[in-house]
Amino acid sequence: MSAAATATGFGGLVETVVVAVIVAAFAWRGLRQLLPSVHRRLVNGLRRALGLKVAEPPSTAAGCDSGCGTCNNCGTTKTQSPATGEAPLHFQPRKP
């Protein structure tokens, strides 16, 4: 039996389905990483169609005004000290 004969039979159908599942899984993962808001809308729409509970949208955006305290400019009172051994870089212009 030649390779061309198995590619057109049941083995070819299984191979096509396996490749389609792999491509769909990686496309879904890429959508989740690159376009999270679109992914969230698709998941919520799918959950609504299935009659499941829909996740609540986040209450605040993760920006400088979210109160996270990571940039020391968010309105939080607690300041973070740099780790030991770290120092800011000071660049000096080169003398002619």
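The model shown here is predicted.

**The whole chain**

The protein chain has three helices and zero strands. Read from the N terminus, its elements run α-α-α. The chain holds 96 residues, and 6% of them count as buried. It exposes about 8800 Å². Carbon and sulfur atoms supply 63% of that area.

**Helix 2 against helix 3**

How do helix 2 and helix 3 lie to each other? Helix 2 covers residues 10–34. Helix 3 covers residues 36–50. Their axes come within 5 Å and cross at roughly 120°. The two helices are therefore oblique to each other.

Which residues make the contact? Helix 2 brings Trp-28, Leu-31, Arg-32, Gln-33 and Leu-34. Helix 3 brings Pro-36, Val-38, His-39, Leu-42 and Val-43. By type, the residues of this contact divide into seven nonpolar, two polar and one charged.

**Helix 3 itself**

Helix 3 has 15 residues. At 1.5 Å a residue, they should span 21 Å. Just after helix 3 comes Gly-51, which takes a positive phi of about 80°.

Are they buried or exposed? The cut-off for buried is under 20% relative accessible area. His-39 has 12% relative accessibility, so His-39 counts as buried. Asn-44 has 14%, so Asn-44 counts as buried too. The table sets out their values and their contacts, leaving aside residues up to four places away in sequence.

| Residue | Relative accessibility | Contacts |
|---|---|---|
| His-39 | 12% relative accessibility | Trp-28, Leu-31 and Arg-32 |
| Asn-44 | 14% relative accessibility | Val-54 and Ala-55 |

Asn-44, in turn, is in contact with Val-54 and Ala-55.

Note on methods: Residues are numbered from 1 along each chain as its sequence is written. This is a predicted model: local features need pLDDT of at least 70, side-chain atom pairs count only at pLDDT 80 or more; totals for chains, interfaces and linings use all residues. Side-chain values use heavy atoms; hydrogens and water are left out. Helices (H or I, at least four residues) and strands (E, at least two) are DSSP runs, numbered from the N terminus. Buried means under 20% relative accessible area, exposed over 50%, partly exposed in between (1.4 Å probe, protein chains only). Contact means heavy atoms within 4.5 Å. Axes are lines fitted to C-alpha atoms, for helices over the stretch in contact, and angles run from 0 to 180 degrees between N-to-C directions. Angles under 35 degrees count as roughly parallel, over 145 as roughly antiparallel, 65 to 115 as roughly perpendicular and the rest as oblique. Ala, Val, Leu, Ile, Met, Phe, Trp, Tyr, Cys and Pro count as nonpolar, Asp, Glu, Lys and Arg as charged, and the others, Gly among them, as polar. Accessible areas come from the Shrake-Rupley method with a 1.4 Å probe; for residues, only the protein chains shown count as cover. The expected span of a helix is 1.5 Å times one less than its number of residues.
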